[in-house]
There are 2 protein chains.
Amino acid sequence: MVPHLTTALTGPLLSLEQSILDAQPRIEHWFRSRWQKHRAPFYASVDLRNAGFKLAPVDTNLFPGGFNNLNPDFLPLCVQATMSAVEKICPVAQRFLLIPENHTRNTFYLQNVAALTTILRQAGLNVRIGSLSPEIIAPTRLDLPDGNMLTLEPVRRVGDRLVLDGFDPCAILLNNDLSGGIPALLQDLDQFVIPPLHAGWATRRKSHHFAAYNRVADDFAKLLHIDPWLINPFFAQCGHVDFQGRQGEECLAAYVDEMLQDIAEKYREYGVAQEPFVIVKADAGTYGMGIMTVKDASEVQGLNRKQRNKMAVIKEGQEVHEVIIQEGVYTFESLNGAVAEPVIYMIDHFVVGGFYRVHTGRGQDENLNAPGMHFEPLAFQTACTLPDSSAAPDTPPNRFYAYGVVARLALLAAALELEGA
Amino acid sequence: MVPHLTTALTGPLLSLEQSILDAQPRIEHWFRSRWQKHRAPFYASVDLRNAGFKLAPVDTNLFPGGFNNLNPDFLPLCVQATMSAVEKICPVAQRFLLIPENHTRNTFYLQNVAALTTILRQAGLNVRIGSLSPEIIAPTRLDLPDGNMLTLEPVRRVGDRLVLDGFDPCAILLNNDLSGGIPALLQDLDQFVIPPLHAGWATRRKSHHFAAYNRVADDFAKLLHIDPWLINPFFAQCGHVDFQGRQGEECLAAYVDEMLQDIAEKYREYGVAQEPFVIVKADAGTYGMGIMTVKDASEVQGLNRKQRNKMAVIKEGQEVHEVIIQEGVYTFESLNGAVAEPVIYMIDHFVVGGFYRVHTGRGQDENLNAPGMHFEPLAFQTACTLPDSSAAPDTPPNRFYAYGVVARLALLAAALELEGA
């Protein structure tokens, strides 16, 4: 079962997918040369949007949840890629401490932690789960709806090391995006910390990521002789917004207006009949909090109290002062009438699977990853590494290959971003 | 469907499999440290024998055929491992010339070549197939029984490069074991030649491989606190045998006798009721030509003409003067009464799958890979990297994990062997 791509305008995308397919050996060679120079993050997931005329990443998560949503057939692929990642990043490590998010009552998330733990264990690591949550003061067993269980243990700092009772790990794997800041407990450890602390939302900015993505997309577009816009959404950053204090609205409105005009021009160039839109969201943070779909600059001026509250604060109560204005990319994939958005998973620089977020209650121009929002995950049935050059560019193996390529471009951008290059 | 392990004496093996299972993190850590120091061959397959009381490699093939016998579900695993291998050995390479064996009428073998070509292409390489066969004087299309087809092209030497018409490859991947010697065409090329020429049977010796395996098995046995004999067959080498001239028979008989006594002693120690046997085979070469099962030293003396002819010459008409005497390992796996022998496939240092050779016409003490011999391949249904510590040591995922571990020990021995260390 694969979502149907419903758009009157598949021409440019089919042509993009065909270019990607034709250039497969050149593309893989290009990636190989890039990964010789840049170290891929340990793991990542990338949200893509497929508009038929455009295929682009809209979010890159360096602390991916959702491993439980992958096809179980891909487990060996995850295990093998994890072995590669460990070899490159911390070959001597044998004991891994996994630090999850603090939401210990979200069973969807906890099933992700269980899936991740299984992958790491199958890769031959001793894994225990250490919680930063003040609620975890003793080893706590949590039973999961799928019959699995997890034990969360309280972490302690001993000198320069983070430990559990009877467990001195060689490496700390964060599955916690540090939205609330970097706890003192994690600072200046003499253990491997993966990903590095500056990958957390305490310091990371979406605008830095997409600045790096601009460079990657431009290089890649040159390789394929395509317009980089076909794989790259416009973005701009507003650094001094105070939604509660009603500061910076004019600056934001000006950016929105300019970007809507830029998109309209591209839509004219490619004959796209849809109405341009932009997404305004916090420059730091995740979980789709503080996100607006905007089709006219006036919509970001004179926000009412409810809208201001929604935009002003994201996860862990962090106030929003920096926002990113990103070109909205329509998602034209649907399954039984519900909107579908692909999410691609990578470990080391390998694509290890993906799934669709399938949504009945959202529009094609809305963010599909919002708090409290329920989606049905639809695991990819085939791997993203098996393009079939004898088949049409939009058959599932070829569509998935294109997804894997664009997701890896975002991964490469994340590598540059973390280097600060 | 998994072959049944039929033996009255599963005690020691279950204990070995349990040791392997319990030590999984230590084993993977140990392998990681070894692969930091030694480069795995590009690819390899290892024939294992599972006697219930003993699990050991009996042959390591550095030009593996049989990729067509693997479970198609493992294709993504093969592709990912190939990407790793290319990154390590020849990252800049984009065009691969695959050189197969010359038996262009063996459709089983040609299906292997097709499977291998698919793996390499999915990994993003431009692949063409160059034949050394004098019969191939123009591009020759061969249709395969499974509906696929292959094109073999004649290779040409231009200066220091091996080329096809319109194709100047960066790397030459040999799937030809060079039993007939190293053709001048392949010598002193300025392209990557994978595996190196000295991995071919023109120079390789089984006794060098098993000497390296002795060291690997001893190290590994120390790690697990087990008797290395449980994973290592005895072997000895006789360097000056002339079967036709009836020279060296006494030396051979003396080695055989001594080894049968050594095995008998081990069998007494472990309470094994079976009769010891040894395998006498050519020290160089493949395809199970020139192989004898021997249970008494007198059997290698006074061979009749037919036996002498069988032993004296192997593939490509090479005469045998060096033989290896190897402890015979019973295979106690069977499927519907037929004897089964596992073969494990590796690319880079990753186990990517395996299958059983299932044989109706052979005994538990016979070689299952002989010329003209027909076996039914039974692909492994699950990967070799998914041990289940909560299940019994002999459940399929755990048995396959043990197979993957022992096969990787043989792979490590091959790495040492190729280094000449």
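**The interface and its surroundings**

Author: Between chain A and chain B, the count of salt bridges is two, a salt bridge being a side-chain nitrogen of Lys or Arg within 4 Å of a carboxyl oxygen of Asp or Glu. The model is predicted, so local features need pLDDT of at least 70 and side-chain atom pairs count only at pLDDT 80 or more, whereas totals for chains, interfaces and linings use all residues. Residues are numbered from 1 along each chain as its sequence is written, chains are lettered from A and ligands numbered from 1 in the order in which they are written, and side-chain values use heavy atoms, with hydrogens and water left out.

Glu87(A) forms a salt bridge with Lys88(B), the closest N and O atoms lying 3.9 Å apart. There are also 18 residue pairs in polar contact between chain A and chain B, both residues at pLDDT 80 or more. A polar contact is a pair of N or O atoms within 3.5 Å; within protein, one must be able to donate a hydrogen and the other to accept it, and residues adjacent in sequence count only if both atoms are side-chain atoms. On the side of chain A that touches chain B, α2 (24-37), α3 (75-89), α4 (107-122) and β18 (350-359) each supply at least two residues. Helices (H or I, at least four residues) and strands (E, at least two) are DSSP runs numbered from the N terminus. The most is given by α3(A), with eleven residues. That side of chain A divides into 19 nonpolar, eleven polar and seven charged residues; Ala, Val, Leu, Ile, Met, Phe, Trp, Tyr, Cys and Pro count as nonpolar, Asp, Glu, Lys and Arg as charged, and the others, Gly among them, as polar.

In total, 37 residues of chain A are in contact (heavy atoms within 4.5 Å) with 37 residues of chain B. The two chains bury about 3100 Å² between them, 52% of it on carbon and sulfur atoms. In chain A, Arg32(A), Gln80(A) and Glu87(A) lose the most area to chain B, together 22% of what that side buries. Buried area is the accessible area (1.4 Å probe) that two parts lose on being put together, summed over both.

Over all chains, the whole structure holds 39 salt bridges. Lys54(B) and Glu327(B) meet in one, at 2.9 Å from N to O. This pair links distant parts of the chain, 273 residues apart: Lys54(B) in the loop between β2 (43-50) and β3 (55-61) of chain B, and Glu327(B) in strand β15 (residues 323-327) of chain B. Both Lys54(B) and Glu327(B) are buried; buried means under 20% relative accessible area, exposed over 50%, and partly exposed in between (1.4 Å probe, protein chains only). By contrast, Asp143(A) and Arg141(A), whose closest N and O atoms are 3.2 Å apart in a salt bridge, are both exposed. Asp47(A), Arg49(A), Glu341(A) and Arg357(A) are linked in a network of salt bridges.

The largest nonpolar core has 302 residues, and among the members that touch the most others are Ile27(A) and Ile27(B). Such a core is a set of buried Ala, Val, Leu, Ile, Met, Phe, Trp, Tyr and Cys residues joined through side-chain atoms within 4.5 Å. Not counting residues up to four places away in sequence, Ile27(B) touches Ile20(B), Phe220(B), Leu223(B), Leu224(B), Tyr401(B) and Val405(B).
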